[in-house]
Amino acid sequence: MTTYDLATFGEGQIRLTVGKGDRLCTTTGLRMTAAGSEANVAGLLSQLSRRTTWASVIPTTDLGTRVMAEYRSVGVDLSHVIRTADERIALYFMEPGDGPMPARVTYDRLHTKFREITPDTFDWDSLLDTRVLFVTGITASLTEDTAKVVTHAVNEAARRGVEVALDVNYRSLLWSPQRAREVLEPLLDKVSILFCSRADGAKVFGLDGDGPTVNRRLQEWTGIRHVVSTDATAGVYYCGEQGCQTYEVQQVPVVDRPGAGDSFVAGCLHGYLDGDVKAGIGYGLRTSKFALTHHGDLTHISATELEIPTTTDIVR
């Protein structure tokens, strides 16, 4: 038996969010929460009784401790996190926006120790004692070094027979579509489940069309066993060993948007770990709705809540 169901690594961050109706240049207060795409996925899965671990490089500062506390509180194994001396931690500022004003992110994540990681930074014998390795394009985008580590991790996982889940999660503020394709495309033949939105399929891999078309073309082109694509509120699409299917997205009032995509991915992986990606998509649609209706990048939810019927009543 492996030590973990899912192992992952990425940069821990602090998100500072402007209040609704305000701008970063005028606000007098910011809401502080911990953030990290990979950690969010591990954190939600941990709450669903999966054995997860997250590796990173985190400073021994109050802000670093705040990030550690967030994910430790939901049961993520942090034994692979390397603590450094008084260094800076990555920050990002979020202006939520409200139509017609779009949301806007301002990154402040240069010169962190995580950006200097190499393939020798982590103990792969221990970290890859897992059923699934989860990686994202966000970590690959940060520096040449982090891209090399993502590549090394995927190759090592494949060599050891560990299944790989990849979330393209393209961020235009972090790298170009050309560079994203250059780094990610060579990894695709080692991936068992791919998460790639319709927009990312077009931008990064040049696959145009509507959601179902891009999803199907991604699966046919890559041969990956399971491909899951999102398209904002237009729908979710699956193509792979379980056939092809379109899922309706139910819109909910949005309290806080960041982390909803990670929540969806985690729900899908919960089903994937049980051998049923389609059931996982159902979980993901539910967890992402929960994510949109409360503050913070990490979704706090239980397996019991996933089973309850949708209701506006108080759960007593």
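Q: Is Cys 239 buried or exposed in this model?
A: This is a predicted model, in which local features need pLDDT of at least 70 and side-chain atom pairs count only at pLDDT 80 or more, while totals for chains, interfaces and linings use all residues. Residues are numbered from 1 along each chain as its sequence is written, and side-chain values use heavy atoms, with hydrogens and water left out. Buried means under 20% relative accessible area, exposed over 50% and partly exposed in between, with a 1.4 Å probe and protein chains only. Because Cys 239 has a relative accessible area of 4%, this residue is buried.

Q: Which cysteine forms a disulfide with Cys 239?
A: A disulfide is a pair of cysteine sulfur atoms within 2.5 Å, and a search of the whole structure finds one. Its two sulfur atoms are 2.0 Å apart. The partner counts as exposed, at 52% relative accessibility, and this partner of Cys 239 is Cys 244.

Q: How far from Cys 196 is the nearest cysteine sulfur?
A: Cys 196 is buried, with a relative accessible area of 2%. Cys 196 is in no disulfide, and the nearest cysteine sulfur, which belongs to Cys 239, lies at a distance of 13 Å.

Q: Which cysteine sulfur is nearest to that of Cys 268?
A: Cys 268 is buried, with a relative accessible area of 0%. Cys 268 is in no disulfide, and the nearest cysteine sulfur, 14 Å away, is that of Cys 196.

Q: Which residue forms a salt bridge with Asp 108?
A: The closest N and O atoms of this pair are 3.0 Å apart. Asp 108 lies in strand β8 (residues 104–108) and its partner in the loop between β6 (82–84) and β7 (90–95), so the pair ties together parts that are 20 residues apart in sequence. Asp 108 counts as partly exposed at 31% relative accessibility; the partner, also partly exposed with a relative accessible area of 30%, is Arg 88.

Q: In which strand does Glu 163, the salt-bridge partner of Arg 225, lie?
A: The closest N and O atoms of Arg 225 and Glu 163 are 3.9 Å apart. Arg 225 counts as partly exposed at 30% relative accessibility, and Glu 163 likewise at 29%. The pair links distant parts of the chain, 62 residues apart, with Arg 225 in the loop between α8 (211–222) and β12 (226–230) and Glu 163 in strand β10.

Q: Which residue joins its side chain to that of Thr 112 in a polar contact?
A: Thr 112 lies in the loop between β8 and α3 (124–127) and is buried, with a relative accessible area of 3%. A polar contact is a pair of N or O atoms within 3.5 Å; within protein, one must be able to donate a hydrogen and the other to accept it, and residues adjacent in sequence count only if both atoms are side-chain atoms. At 2.5 Å, the side chain that meets Thr 112 in this way is that of Glu 11.

Q: How much space lies in the largest cavity?
A: On a 1 Å grid over the protein atoms alone, a cavity is a set of points where a 1.4 Å probe fits but cannot get out, and lining residues have an atom within 4 Å of a point; grid points are joined across faces, edges and corners, and a volume is the space filled by probe spheres set on the points. A search of the whole structure finds one cavity of 30 Å³ or more. Among the residues that line the largest cavity are Glu 11, Arg 88 and Thr 112, and the space inside is about 40 Å³.

Notes: Salt bridge = Lys/Arg side-chain N within 4 Å of Asp/Glu carboxyl O. Helix = DSSP H or I, 4+ residues; strand = E, 2+ residues; numbered from the N terminus. 1 Å grid on protein atoms, 1.4 Å probe; cavity = no way out; pocket = protein on both sides within 12 Å on 5 of 7 lines; lining within 4 Å.
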